[in-house]
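Student: I'd like a close look at one part of this model: the surroundings of the ligand. Please take me through the contacts there and what lies behind them.

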Amino acid sequence: MTSILKISNLEKTYTSGSKKLTVLEDINFSITKNETFSIVGPSGSGKTTLLGICAGLDKPDSGTVTLNGIVMNSLSEDERAALRNEHVGFVFQDFQLLATLTAIENVAIPLELRGAKNAMDRAKGLLEKVGLGNRGNHYPSQLSGGEQQRVALARAFANEPKILFADEPTGNLDAETGERVVELLFELNKELGTTLVLVTHDMELAKKTQNILTIKGGKIASLTRSTHV
Ligand code: ADP
Ligand code: MG
């Protein structure tokens, strides 16, 4: 089995003034290609920090992060950005769409960044997949939370990433809307064969993934793996 993400002896500390706060300590795990994986734990346990480091948005203080065979620690900011654009998709709790761009333009950005042909046509196809084919010219402010998150899903899958990270993707949505977003997330994931890493405090959602990593106080409390879901 090929590991797409390998985390070894990871440690992350935040310093404010003279105070040092160790947020992640002794974190070791790996994720196999095409697996679904969730990270659960109480608020403040370090989930978002861990996801940011896994996705190459942030750097650890020590330990290594190997993404698709590339050790990210030694890369420059620009190199990490290029790696992210090529291999990584990200979905945030608060959607993080660009307010000055329309839905279709938001989805087209990652495609345009890598000079893809027909970026706008492909963005349109992706919006159709998430049921928003007729909302392409609307700005984020004209869309509901659930619709904005569906645009964010379309954007995250635009470059057909090898691995997709989602941080509490339903955290700002009501239960019913959240369920629709989760269905779409798993559907697209399956269709495109992406590895999915999900942060959630919702055990019901976590149970939809093959592996559940629980962190408490910045340390791994347990990792349960199942071969079928
Ligand atoms: P979770 O996502 O599980 O709620 P976080 O990763 O956001 O947890 O935060 C873990 C801990 O790190 C918390 O105590 C939080 O206050 C702290 N923290 C997060 N980001 C920063 C930062 N930029 N500077 C200082 N402390 C931070
Ligand atoms: Mg968080």
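**Around the ligand**

Tutor: Happy to! A backbone N or O atom of glycine 44 lies 2.7 Å from an oxygen atom of ligand 1, a polar contact (a pair of N or O atoms within 3.5 Å). Serine 45 also brings a backbone N or O atom, 3.2 Å from an oxygen of ligand 1, while lysine 47 places a polar side-chain atom 2.9 Å from an oxygen of ligand 1. The protein covers 57% of the 560 Å² of accessible area that ligand 1 has on its own (Shrake-Rupley, 1.4 Å probe).

This is a predicted model, where local features need pLDDT of at least 70 and side-chain atom pairs pLDDT 80 or more, whereas totals for chains, interfaces and linings use all residues. Residues are numbered from 1 along each chain, chains lettered from A and ligands numbered from 1 as written, and side-chain values use heavy atoms, without hydrogens or water.

The shell (heavy atoms within 4 Å) consists of Tyr14, Val23, Pro42, Ser43, Gly44, Ser45, Gly46, Lys47, Thr48 and Thr49.

Behind the shell, six strands (E runs of at least two) form an open, mixed sheet ordered β6-β7-β8-β3-β9-β10, pairing by at least two DSSP bridges. Helix α1 packs on this sheet, touching β3, β6, β7, β8 and β9 (heavy atoms within 4.5 Å).

Terms used:
A polar contact is a pair of N or O atoms within 3.5 Å; within protein, one must be able to donate a hydrogen and the other to accept it, and residues adjacent in sequence count only if both atoms are side-chain atoms. Helices (H or I, at least four residues) and strands (E, at least two) are DSSP runs, numbered from the N terminus. Axes are lines fitted to C-alpha atoms, for helices over the stretch in contact, and angles run from 0 to 180 degrees between N-to-C directions.
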